[in-house]
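Hello! I am passing a structure on to you, and I hope you enjoy looking through it.

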Amino acid sequence: MNFEKDLDMLADFYEKMTLESCQQLHLIYAADAFFKDPFNEVRGLDVIRSIFEHMFVQVDKPRFKIHTRILQNNEAFLTWDFMFTMKNRSYEAQKIRGATHLRFNAVGRVSYHRDYWDAAEELYEKIPVLGSLMRLLKRIARK
């Protein structure tokens with residue numbers, strides 16, 4: 001099976017994702033798909049959908065920009081930027097750089113999704129008090 005069109009459809013979905021489009025996740029993810037990121041480790045389409053929908057509750061203007069797509073057999077690797085603004089905190093644009101490892105099942109739906117990004121550097125260091133502590137810990141670790 002050629003998974004290129006599945007990867008193209010997935011990348012397009014991420015870049016155009018809206019709260020409403022999360023209802024179409026069943027067209028892209030398997031019912032028993034596995035999902036892991038720095039905050040979640042879950043299995044099942046409904047839970048994965050709720051994670052994506054929760055993103056729209058937590059932040060304003062969430063948007064992914066896919067930079068790299070690598071496909072080998074039924075596995076893929078994406079690099080991306082996630083841009084957003086924090087609700088009720090700062091209207092300054094934020095960016096998280098990350099990567100995703102994906103595995104497609106026999107019918108081309110995502111069965112495995114693992115996000116890799118550094119929550120400390122990309123998120124915690126940007127929070128005023130916590131950020132100071134994280135930068136201090138990083139300096140100590142470098143010594």
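Helices (H or I, at least four residues) and strands (E, at least two) are DSSP runs, numbered from the N terminus. Counted this way, the protein has 4 helices and 6 strands, and along the sequence they follow the pattern α-β-β-α-β-β-β-β-α-α.

Please keep in mind that this is a predicted model: local features need pLDDT of at least 70, side-chain atom pairs count only at pLDDT 80 or more, and totals for chains, interfaces and linings use all residues. Residues are numbered from 1 along each chain as its sequence is written, and side-chain values use heavy atoms, with hydrogens and water left out.

Of the 143 residues in the protein, 42% are buried (under 20% relative accessible area, with exposed meaning over 50% and partly exposed in between; 1.4 Å probe, protein chains only).

Which residues of α2 are buried? They are Leu45, Ile48, Arg49, Ile51, Phe52, Met55 and Phe56. These cover an arc of only 155 degrees around the axis, which puts them on the same side of α2 (the arc is that of the directions from the helix axis to the C-beta atoms). Asp46 and Val57, on the other side of α2, are exposed.

What covers the buried residues of α2 includes α1 (4-16), β1 (29-36) and β6 (110-116).

Conventions
Contact means heavy atoms within 4.5 Å.
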